[in-house]
Amino acid sequence: MAGTYRFIEDGAQADVAFTAEADSLTSLLEICGEATFAAMTDTKLVKPVERHTVTVQADALEDLLFDWLSELIFLKDTEEFVASRFRVRCPDKPSFHLQALVEGEAIDRRRHQMNVDVKAATYHEMDIHQENGRWFAKVVLDV
Amino acid sequence: MPARLLASDDLMATMDDGVFRQITNVACLPGIVEHALCMPDGHWGYGFPIGGVAAFDLDSGIISPGGIGFDINCGMRLLRTNLTESQVRPRLEELMTRLFEAVPSGVGTRGFVRLDDRRFEEAAVGGAPWCVAEGFGTRADLAHMEEQGRLEAADPSGLSPRSIQRGRDQLGTLGSGNHYLEVQVVRPENVYDQAAARALGFDLENQVAVMLHCGSRGFGHQVGTDYLKIFQTAMKRYGLRTPDRELACAPFRSPEGQLYFGAMAAAANSAFANRQVITHQIRQAFCETFDTDLEELGLELVYDVAHNIAKVEEHVVNGVRRKLLVHRKGATRSFGKSQADVPEAYRALGQPVIVGGSMETGSFLLLGSDDSQVQNFGSTLHGSGRTMSRVAARKRIRGDKLQRDMHHRGIVVKTASLSGLAEEAGFAYKNINEVVDVVHDLGISRKVIRFEPIGNVKG
């Protein structure tokens, strides 16, 4: 993934916020997915042995990001699954149509150090935009 | 309409700017009655601030998931035991281990109650009475809960299959974040009203109590997420605009508003059910640890209150009794003794209000007053309120050090996550004594007992 994320202190006293940047929209979505799981566990310890596919259709960038992260949170709760590798494709005409392969494994409390549970994506102070050829996002997660 | 914040000068100075902006936004929502309120534990939330209270006219007003919170009917439950600290101390470590094992906590956990989709829907609509019928708890429990543990408005027709899927396996689980299960002690110096404490069943020196803070888990969150999306589309149709997407709303009487109200009530009932199943597990763990039965141990329910909810209630506005939709987000109902929904046993006292503090500093039992009815749509605070971000708290202390420090102070902590523990350190919260004093001094709810923790299962 050609991008980075950073957890930040402002914007969500009771919750978790991060900023991310990447060289493309698909990389940005991948890195936001990784940050969401990194809030819950050390993703370096998550082996990519189980695969799930995720599809999202959205008209606006903010909705695309919100729906993508909501799908990942849904997977975490229903499959007890944490992910560490993301491959996103996202044709953007006529609307955004995200297709992703998400790789990870079932939560194993002996190997995975679990942190706080992410329960929802939010639109609170959400930002996603392109500037000088790079893509940027800010997300607050409800925990 | 105006916005009204309840706080001391010191608390007002520590409130973040977001609180002022958000409560101003709430005061501008369609159909709001009298004023938007923020309690002294208020802090920045999504849409409404945490600590936000607003009442809406049923015909011209709205309903908003941002006024309730994602964790629908997150709430507090208090049980009293017949045990004293000296009886519990020798077995505290064993007791906390059993409680930690009996009540799954942390990320992605499943409860022991196995249900298919249809049965989970029954539980969600049926609330705490469903649990009692299934053998989890007693009829006496139901008499000591807000709404007797079940909102009648619950309607599954507005629930998505995804919300059911997400909630199905989580009944009887604590969750994470600031959710906890605590074993606490009532020390004589922390009883502010002897007569009221005695009437509430606290009459032993250093009596032990159990406090629980949790909600509707993934099910409630999915209902919140679903309707945040549905309302954003519906708002265009109804010509509604809000300055914040997290304030998405729909007219209360609209089809979308009514579907959300029914789904929200089902999520609220699932939270009552969750706390009821956990209560069953707590009782089992105590019985096994002390090798005796409930008759000897007590573990009766003092009360159970919601602090993320919207309900249709009657309030007097300008001398006229009106039915209103009251949103409480990080705020607790605080009815006085004259109100019909106060349990028979507490008619001479007022409704118990359970206020959760940080795991290091203690929690409070208050009593509601008729004054809160007049001033605040029968509402008061819910906790101490954070002043520090999770990231900042984690930088300041390591979870294992905090666990050891607390152990030295006589508090046994069991946790699924040491980093999550660090995020909940006492210094990340406002001073609960100062926060509670505000509502006590204003006559909204009065102090009865402060509980000190001796054991904590941290989600």
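Good morning. Because the model is predicted, local features need pLDDT of at least 70 and side-chain atom pairs count only at pLDDT 80 or more, while totals for chains, interfaces and linings use all residues. Residues are numbered from 1 along each chain as its sequence is written, chains are lettered from A and ligands numbered from 1 in the order in which they are written, and side-chain values use heavy atoms, with hydrogens and water left out.

Some terms come first. Helices (H or I, at least four residues) and strands (E, at least two) are DSSP runs, numbered from the N terminus. Two strands pair if DSSP finds at least two bridges between them.

Let us begin with chain A. Here 3 strands make an open, antiparallel sheet in the order 3-5-4. At its edges stand strand 3 (50–58) and strand 4 (81–89) of chain A, each of which pairs on one side only. On average, neighbouring strands of this sheet are turned by 25° against each other, direction ignored. Angles run from 0 to 180 degrees between N-to-C directions, and axes are lines fitted to C-alpha atoms, for helices over the stretch in contact. Strand 3 of chain A is joined to strand 5 (residues 96–106) of chain A by 9 bridges, and A:Arg51 has A:Glu103 in strand 5 of chain A as its bridge partner.

Which helix packs on this sheet, touching strand 4 and strand 5 of chain A? Helix 1 (residues 25–38) of chain A does, and its direction makes about 175° with that of strand 4 of chain A. Helix 2 (residues 61–79) of chain A lies across strand 3, strand 4 and strand 5 of chain A, at about 150° to strand 3 of chain A. Contact means heavy atoms within 4.5 Å.

We turn to chain B. An open sheet of 5 strands has the order 1-2-3-11-10, with mixed pairing. Why is one side of strand 1 (3–5) and of strand 10 (308–317) of chain B left without a neighbour in the sheet? Both stand at the edges and each has a single partner strand. Within the sheet, strand 3 (residues 50–57) and strand 11 (residues 320–329) of chain B pair in the antiparallel sense over 6 bridges; B:Ala55 has B:Val326 as its bridge partner in strand 11 of chain B.

Helix 10 (residues 255–290) of chain B lies across strand 10 and strand 11 of chain B, at about 110° to strand 10 of chain B. Helix 10 of chain B also packs with helix 9 (residues 217–238) of chain B at an angle of about 170°, the axes being 10 Å apart. The two helices of chain B are therefore roughly antiparallel to each other (angles under 35 degrees count as roughly parallel, over 145 as roughly antiparallel, 65 to 115 as roughly perpendicular and the rest as oblique).

Finally, the cysteines. B:Cys249 counts as buried at 1% relative accessibility, and B:Cys287 counts as buried at 17%. Buried means under 20% relative accessible area, exposed over 50%, and partly exposed in between (1.4 Å probe, protein chains only).
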